Amino acid sequence: MLTGLNHLTLSVRDLARSVAFYRDMLGLRLHARWDRGAYLSAGDLWLCLSLDGQGTAALASPAYTHYAFSISQHDFPAFAARLRAAGVPEWQQNRSAGDSLYFLDPDGHQLEAHTGSLAQRLAACRAAPYQGMVFED
């Protein structure tokens, strides 16, 4: 049912430094940024940078770093029901646009099944921007 990697979210300690690295050093396209994050892309890859709230470690905590897989809206309800019925642990509830299921693999890797695209997320953010959000395109 999963159709590919949807997006990659990386937890970062210094948002401005990370945006500059991914945009200026690696050549990713910056689409939007806000007080606690940014959306970039590299070809079909959607990259989200999320400001880490821990603030204590020398490196960013992996607390919100996760790997998201694409799934069709049609397949999402059955997929989510199957994982929940099997007792697969969920590590977070969805708080953003588009259906998402945040779950753990057997080794504790944080995964997500997500129905939306970067274009859909940016449209939702244009309608209701995150605090401090600025659009680049």
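Q: Is arginine 33 buried, partly exposed or exposed?

A: The general idea is relative accessible area: buried means under 20%, exposed means over 50%, and partly exposed lies in between, with a 1.4 Å probe and protein chains only. Arginine 33 counts as partly exposed because its relative accessibility is 31%.

Q: What kind of model is this, and how are the residues numbered?

A: This is a predicted model, in which local features need pLDDT of at least 70 and side-chain atom pairs count only at pLDDT 80 or more, while totals for chains, interfaces and linings use all residues. Residues are numbered from 1 along each chain as its sequence is written, and side-chain values use heavy atoms, with hydrogens and water left out.

Q: With which residue does arginine 33 form a salt bridge?

A: A salt bridge is a side-chain nitrogen of Lys or Arg within 4 Å of a carboxyl oxygen of Asp or Glu. Arginine 33 forms one with glutamate 136, and the closest N and O atoms are 3.2 Å apart. This pair links distant parts of the chain, since glutamate 136 is in the segment after strand E9 (134-135) and arginine 33 is in strand E2, 103 residues apart. Glutamate 136 is partly exposed, with a relative accessible area of 37%.

Q: How many salt bridges does a search of the whole structure find?

A: The search finds three. Another joins glutamate 90 and arginine 84, at 2.7 Å from N to O. Glutamate 90 is partly exposed at 31% relative accessible area, and arginine 84 is partly exposed at 44%. Arginine 23 also forms a salt bridge, with aspartate 24, where the closest N and O atoms are 2.7 Å apart. Arginine 23 is partly exposed, with 29% relative accessibility.

Q: Which residues of helix H1 are buried?

A: Helices (H or I, at least four residues) and strands (E, at least two) are DSSP runs, numbered from the N terminus. The buried residues of H1 are Leu15, Ser18, Val19 and Tyr22. Seen down the axis of H1, these residues fall within an arc of 100 degrees, so they line one face of the helix. The arc is that of the directions from the helix axis to the C-beta atoms. The face turned away from the buried side carries the exposed residues Ala16, Arg17 and Met25.

Q: What covers the buried residues of H1?

A: The cover includes E1, E2, strand E3 (37-42) and strand E4 (45-51). Contact means heavy atoms within 4.5 Å. Serine 18, which lies in H1 (residues 15-25), is in contact with Val12 and Leu49, leaving aside its neighbours within four places in sequence. Serine 18 has a relative accessible area of 10%.

Q: Which residues of helix H2 are buried?

A: In H2 (residues 76-85), they are Phe76, Phe79, Ala80 and Leu83. They fall within an arc of 95 degrees seen down the axis of H2, so they line one face of the helix. These buried residues pack against strand E1 (2-12), strand E5 (66-71), strand E7 (100-104) and strand E8 (110-114). H2 is followed by glycine 87, whose phi is positive, near 75 degrees.

Q: How many aromatic pairs does the structure hold?

A: A pair of aromatic rings is described by the distance of the centres and the angle of the planes. Rings of Phe, Tyr and Trp (its six-membered ring) pair if their centres lie within 6.5 Å; planes under 30 degrees apart count as stacked, over 60 as edge-to-face and the rest as tilted. The structure holds eight aromatic pairs. In one of them, the rings of tyrosine 39 and tryptophan 46 have centres 5.8 Å apart and planes at 75 degrees, so the pair is edge-to-face. Tyrosine 39 is buried, at 2% relative accessible area, and tryptophan 46 is buried, at 3%. Ring pairs link Trp34, Tyr39, Trp46 and Tyr130 into a cluster.

Q: Is histidine 31 buried or exposed?

A: Histidine 31 is buried, with a relative accessible area of 6%. Histidine 31 is found in strand E2 (residues 29-34). From histidine 31 to serine 41 is ten residues in sequence and 7.6 Å in space, C-alpha to C-alpha.
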